[in-house]
Amino acid sequence: MSQLDDDIDSLLARYDPPLKTLARQVLALVRELRPDFSARVAFGWNTINFHHRSGFISAIYLSHGHVSLVFQDGRLLDSPLLTDDGKVKKVRWISFSPGDTLPVDEIAILFAEAVALRG
């Protein structure tokens, strides 16, 4: 087991089983779609952050009740899946609750666009 895997387990230990399962599903999807991303846990933010060689791209944010896939340059991405709270100037996200279906193709497109913006 790697240090990253240990860190992910430690982060997810704070949450109930349905949320852990959902977070692992989102994490597996990111890893499948973008094996070129490196990951790092930020315990203070409750996130798993993803970087491309061009910089920070995205994060999985855990909160009690939902998991969000946050896009650093989300304001520049055009997708009806993305939302925000009206307070942030840059990021937007897709929130998931346990039992939701992950929109694989749409997320793949958003990752491609996010990387291109950083390119």
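Buried means under 20% relative accessible area, exposed over 50%, and partly exposed in between, with a 1.4 Å probe and protein chains only. The model is predicted, so local features need pLDDT of at least 70 and side-chain atom pairs pLDDT 80 or more, while totals for chains, interfaces and linings use all residues. Residues are numbered from 1 along each chain as its sequence is written, and side-chain values use heavy atoms, without hydrogens and water.

View 1. Q72 counts as buried because its relative accessibility is 17%. Beyond neighbours within four places in sequence, Q72 is in contact (heavy atoms within 4.5 Å) with F56, I57, K90, V91 and R118.

**View 2. The largest nonpolar core, of 31 residues.** Such a core joins buried Ala, Val, Leu, Ile, Met, Phe, Trp, Tyr and Cys residues through side-chain atoms within 4.5 Å. V26, I60, L69 and F71 have the most contacts inside this core. Elements giving two or more residues to this core include α1 (3-12), β2 (47-52), β3 (55-63) and α3 (104-118). The largest share, 7 residues, comes from α2.

**View 3. L69 and its contacts.** With neighbours within four places in sequence left aside, the partners of L69 include V26, V30, I60, W93, I94, F96, I107 and F111.

How values were computed. Helix = DSSP H or I, 4+ residues; strand = E, 2+ residues; numbered from the N terminus.
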